[in-house]
Amino acid sequence: MKFDKVMEYQEVDTKLYALEQDAAKSQETNRAFALKQKIQSAAEQIKKLQAEAMDLQNSSEKYSARVKDIIKSLEEIENYIGEIEDETEAEHYIKMLGNMIENLEAIEKEVGRDMSKADDISNNYRKTFEQGQKANAEFKTARADYEKMIAAKADEIKPLKAKLEKLAKEIEPELLELYKSLREAKKLPAFVRHDMTSRQCGRCFMELPQDSLEKLKKPGDWTECPNCRRVLFISDK
Ligand SMILES: [Zn+2]
């Protein structure tokens, strides 16, 4: 009698557990989960692209500072050009101009490289963004399907839960506590009828030590299996 209610509880709860497992494994759940991951990876990709764009912006600021310097030097040369007095001086300015032109060409090349990099980034960004949006829309549909499936299951789950709640009040708190912790560890059935002639746990089949067997002598006795922690009990009816 001592274990009647907990066994009844276990029977109802096993049905509930199976429903929960079904829901967790269902196609709807998997699909929603896969899409969620797709969205997450698109978001990560966008973050990466944003960081790359930021780098480009920094280097373009550096270029414009360099170009500004060159323009300033050119202005200075322009001011002096009328005052050139000899060939050596002229050669000096011509050399300076040559250097500046080289510098400008180098910057132009680097900017060109950066421009095509910027194009790549923006293409990638647009593509990733579109993928993310598509995944997002698909996710919404998948989530709706999932919720519909859960709602359908809720009709089955609700009466089971109500029954469990009622039964819980009639079970010794210590036994209920043990049951719940085993359920949490996905060890179902949690309560296992022990046959007094056996020396093994009826579930994991481990040979029980003497002190466990000592606790399983008469109807109403119970103990936890030292291996799988399940509650072994001697039925009292
Ligand atoms: Zn066991």
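The largest pocket is lined by Lys38, Ser41, Ala42, Thr128, Gln131, Gly132, Lys134, Ala135 and Glu138. The structure is a predicted model.

**The pocket**

- The volume of the largest pocket is about 160 Å³.
- By class, the lining of the largest pocket has two nonpolar, four polar and three charged residues.

**The helix pair**

- The axes of H2 and H3 come within 7 Å of each other and cross at roughly 160 degrees.
- H2 is therefore roughly antiparallel to H3, because angles over 145 degrees count as roughly antiparallel.
- The contact of H2 with H3 holds 30 nonpolar, 10 polar and 11 charged residues.
- The crossing in which H2 passes H3 is left-handed.

**The domains**

- The domain assignment of the protein lists domain 1 as residues 22–158 and domain 2 as residues 175–233.
- The centres of domain 1 and domain 2, taken over C-alpha atoms, are separated by 62 Å.

Definitions and conventions
Residues are numbered from 1 along each chain as its sequence is written. This is a predicted model: local features need pLDDT of at least 70, side-chain atom pairs count only at pLDDT 80 or more; totals for chains, interfaces and linings use all residues. Side-chain values use heavy atoms; hydrogens and water are left out. Domain bounds come from an automatic or database domain assignment. On a 1 Å grid over the protein atoms alone, a cavity is a set of points where a 1.4 Å probe fits but cannot get out, and a pocket is an open set with protein on both sides within 12 Å along at least five of seven lines; lining residues have an atom within 4 Å of a point. Grid points are joined across faces, edges and corners, and a volume is the space filled by probe spheres set on the points. Ala, Val, Leu, Ile, Met, Phe, Trp, Tyr, Cys and Pro count as nonpolar, Asp, Glu, Lys and Arg as charged, and the others, Gly among them, as polar. Axes are lines fitted to C-alpha atoms, for helices over the stretch in contact, and angles run from 0 to 180 degrees between N-to-C directions. Helices (H or I, at least four residues) and strands (E, at least two) are DSSP runs, numbered from the N terminus. Angles under 35 degrees count as roughly parallel, over 145 as roughly antiparallel, 65 to 115 as roughly perpendicular and the rest as oblique. A crossing is left-handed if the near helix is turned anticlockwise from the far one by less than a right angle, and right-handed if clockwise.
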